[in-house]
Amino acid sequence: MATGKYTRIDGRKSSSGYCSTVTVVVFIALCLIGVWMMTSSSIFPVQKSDVSEENKNGATEINAKNKKDGTPAENSRPRDGQEKVFEDNQGDLSENAMKSDNNGDSNQEEKNEKPEESNQEDKNEKPEESQPGTEDNKESKSEDEKKDEVTGDKEGSSNDENDPQKKAELQAENKDSEPGSTKEDNGNESNQNSEGSSGTTDGDKQDGGQADEKKDEKPDQDSAENKEKQGEVFPSGAQSELSNESTTQTGSFSTQAAESNKEKDAQTSPAQENPKKYAWKICNTTAGPDYIPCLDNIEAIVHLRSTKHYEHRERHCPENPPTCLVPVPEGYKKSIEWPTSREKIWYHNVPHTKLAEIKGHQNWVKVTGEFLTFPGGGTQFKHGALHYIDFIQQSVPDIAWGKRSRVVLDVGCGVASFGGFLFDRDVLTMSLAPKDEHEAQVQFALERGIPAISAVMGTKRLPYPGRVFDVVHCARCRVPWHIEGGKLLLELNRLLRPGGFFVWSATPIYQKLPEDIEIWQAMKKLTEAMCWEVVSITKDRVNGVGIAVYRKPASNECYEQREKNEPPVCQDSDDPNAAWNVPLQACMHKIPVAQSDRGSQWPEQWPERAGKAPYWLSSSEVGVYGKPAPEDFQTDYEHWKRVVENSYLNGLGINWSSVRNVMDMRAVYGGLAAAMKDLNIWVMNIVSVDAPDTLPIIYERGLFGIYHDWCESFSTYPRSYDLLHADHLFSKIKTKCNFMALVVEADRILRPEGKIIVRDKVEIITELEEIFRSMQWDIRMTYARDKEGLLYAQKSMWRPEEQETLSYALA
């Protein structure tokens with residue numbers, strides 16, 4: 001390299017012909033020294049710049065490929081001998097994303113280490129010409145270009161060092177060409193992505209990964225619009241305060257626990273430490289695949305002092321909730337999809353024939369080959385539920401199914417055909433029946449895709465707030481309404497809206513047996529004392545049954561005019577909304593009359609009531625997110641509409657035709673269910689007993705739900721739900737009680753191949769992902785942003801082989 005330069009200069013000087021040989025030699029030596037001194041300082045530092053430039057070019061090539069063919073960065077492969085830049089312990093992330101908060105500092109350090117000569121080389125975009133080992137490139141250039149190169153190096157280096165303005169300009173320009181941060185905005189965007197916008201998917205990951213990669217190609221100012229188009233899971237802009245649902249407060253709402261504690265002593269549940277390693281075992285119980293921990297606690301049941309009031313059918317939860325997995329019935333298959341499931345289900349999914357043997361002649365359920373079939377009848381409507389439903393409306397037009405009457409409670413529901421066919425009239429029915437000798441009736445209902453829970457009217461209030469059901473129905477439900485001062489019928493009075501209907505079809509209405517006559521006379525006397533108006537008593541000649549329809553009063557006028565205060569009016573201190581483990585009382589609560597009181601007016605007709613804030617929510621009250629209650633309600637609704645539309649329906653790859661039974665494990669205002677109201681699903685909204693008591697709002701919207709304490713098991717059979725939604729529930733349970741017990745409960749109530757969507761803190765998402773993988777669940781997507789995360793997983797058919805030695809439900 002040096003020899004070439006000397007030869008070039010020597011040739012030009014000897015052409016003059018005026019200098020002697022000695023003079024030429026001396027001059028050449030001086031030129032050699034001068035050139036070496038001026039060029040040596042710019043040769044060696046450039047080697048450092050070349051290394052960075054090579055990395056820059058390599059990264060640019062991968063990113064360009066991703067942008068060109070749309071392939072996510074996670075699927076790109078590094079070149080041979082190049083460090084793999086798309087690898088991180090939280091998922092496959094780009095190198096920029098891995099830098100996180102330190103990205104800006106490291107870029108600044110690289111800038112400070114580069115001398116001005118290196119910046120000049122970047123500006124001229126000719127770094128390889130001053131790099132050793134490039135003789136072939138040099139010889140291809142003209143002699144004049146090589147001379148200009150040397151002169152330019154001398155002048156540029158000297159001038160830039162002495163000119164502060166030029167030096168600043170070069171530094172600013174070099175800032176845009178640094179490896180790892182093509183532009184300042186891109187660097188900042190990378191920091192955002194690594195800090196909380198990392199998305200990973202397992203398997204094909206076709207939805208989450210591509211959406212995240214496309215977002216990274218847009219500048220920050222377009223991110224809000226891009227998130228909506230790409231199915232962003234978390235809100236932004238005006239809705240961003242709702243992305244962290246754990247920030248809710250009580251606001252102006254009391255909690256169910258506080259309400260109930262006024263009626264009884266508070267119950268406590270000890271917390272337990274959870275092991276870090278997961279060694280799963282099958283539950284060793286007599287209930288086997290049908291195990292419900294709080295209803296199959298035989299150890300507690302055998303020590304009951306009495307079973308006169310069905311105490312043995314009530315909840316008796318184990319002191320230490322189980323952490324074992326419930327087995328799957330042999331021959332279990334993926335559930336038949338709705339609406340076909342209303343007519344038939346797989347026999348091996350609920351392999352019970354006792355009910356078919358007892359009630360087969362009444363068209364409840366029949367065994368037909370490998371299916372259990374449901375002709376659509378029941379004890380009181382052998383010839384079809386739809387005829388029975390329409391006959392009720394013909395008898396009482398004001399009932400207006402699907403308009404005025406939207407939310408129904410069906411007591412003693414059988415296999416819930418009444419509720420199953422009310423869907424055709426746009427009515428949502430909460431069906432309940434005890435886990436008793438009518439084997440698996442609620443399990444049949446849930447497998448069919450009909451809402452139902454296992455519950456009994458015994459010694460405690462049902463877990464619903466007061467004045468929420470538009471209609472209460474009982475078709476020969478065998479409940480002794482008239483005994484003990486009408487305590488059980490008075491419980492229905494607590495649940496029924498003022499002006500709501502009680503539909504009763506039973507033998508005392510139309511049969512003349514002595515027992516029936518006695519019950520009818522007792523019911524007539526009781527309903528008159530309760531001020532219930534007899535709206536209609538008719539006989540359905542097709543089904544051969546009689547139906548009596550009563551209406552609850554909408555004012556206190558009748559109560560005040562009674563000669564006797566029997567049943568008595570409840571004390572003002574008795575809260576009708578207190579329902580969690582509260583004993584039944586034989587009294588009636590007063591009817592709210594003030595216009596601002598809940599229950600003084602009938603809700604809007606369906607479907608308008610779903611999206612409109614209830615009239616009794618006052619702007620002077622504070623909502624759970626800190627805004628005035630009506631505004632809080634509307635903000636929550638808009639948030640969930642956007643999440644459902646942009647993420648859940650399009651961004652997760654869920655086949656919604658396979659989803660029917662949905663549970664929102666932490667519902668707040670019921671915004672998720674309201675946003676999904678047009679889908680062919682139903683949502684069980686859960687309001688925790690220690691959360692703001694917003695369940696009355698959910699019912700006011702024409703939706704339904706139930707109070708529950710997630711430190712205990714839920715009152716439903718295993719494999720009840722197709723999809724679980726948990727919004728910041730697991731992090732709350734983590735600080736309250738047994739975290740692993742809640743995970744196991746989610747596994748118990750979720751069907752094999754069912755889905756779960758968890759929105760929570762990143763550390764909770766990470767822990768749950770590890771736990772779900774240990775149960776061989778399919779992790780379909782994980783997403784993180786600003787320390788908040790989302791996990792979408794699918795339960796597998798896998799069950800452990802080892803059985804536990806402890807037992808929770810053995811006699």
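This is a predicted model: local features need pLDDT of at least 70, side-chain atom pairs count only at pLDDT 80 or more; totals for chains, interfaces and linings use all residues.
Residues are numbered from 1 along each chain as its sequence is written, and side-chain values use heavy atoms, with hydrogens and water left out.

**View 1. The disulfides of the protein chain are six in number.** A disulfide is a covalent bond between the sulfur atoms of two cysteines. Here a disulfide is counted when a pair of cysteine sulfur atoms lies within 2.5 Å. Counting the bonded cysteines along the chain, the pattern reads 1-4, 2-3, 5-6, 7-8, 9-10, 11-12.

**View 2. Cys283 and Cys324 are joined by a disulfide.** The S to S distance is 1.9 Å. The torsion about this S-S bond is about 100°, so the disulfide is right-handed. Cys283 sits in the loop between α12 (256-261) and α13 (298-301), and Cys324 in the loop between α13 and β2 (344-346), so the bond ties together parts 41 residues apart in sequence. Helices (H or I, at least four residues) and strands (E, at least two) are DSSP runs, numbered from the N terminus. Cys283 and Cys324 are both buried; buried means under 20% relative accessible area, exposed over 50%, and partly exposed in between (1.4 Å probe, protein chains only).

**View 3. Cys294 and Cys317 form another disulfide.** Their sulfurs are 2.0 Å apart, and with 110° about the S-S bond the link is right-handed. It connects distant parts of the chain: Cys294 belongs to the loop between α12 and α13, Cys317 to the loop between α13 and β2, 23 residues apart.

**View 4. Cys531 is bonded to Cys558.** The S to S distance in this disulfide is 2.1 Å, and the -85° about the S-S bond makes the link left-handed. Cys531 is buried, with 9% relative accessible area, while Cys558 counts as partly exposed at 31%.

**View 5. Cys413 is a buried residue.** Its relative accessibility is 9%.
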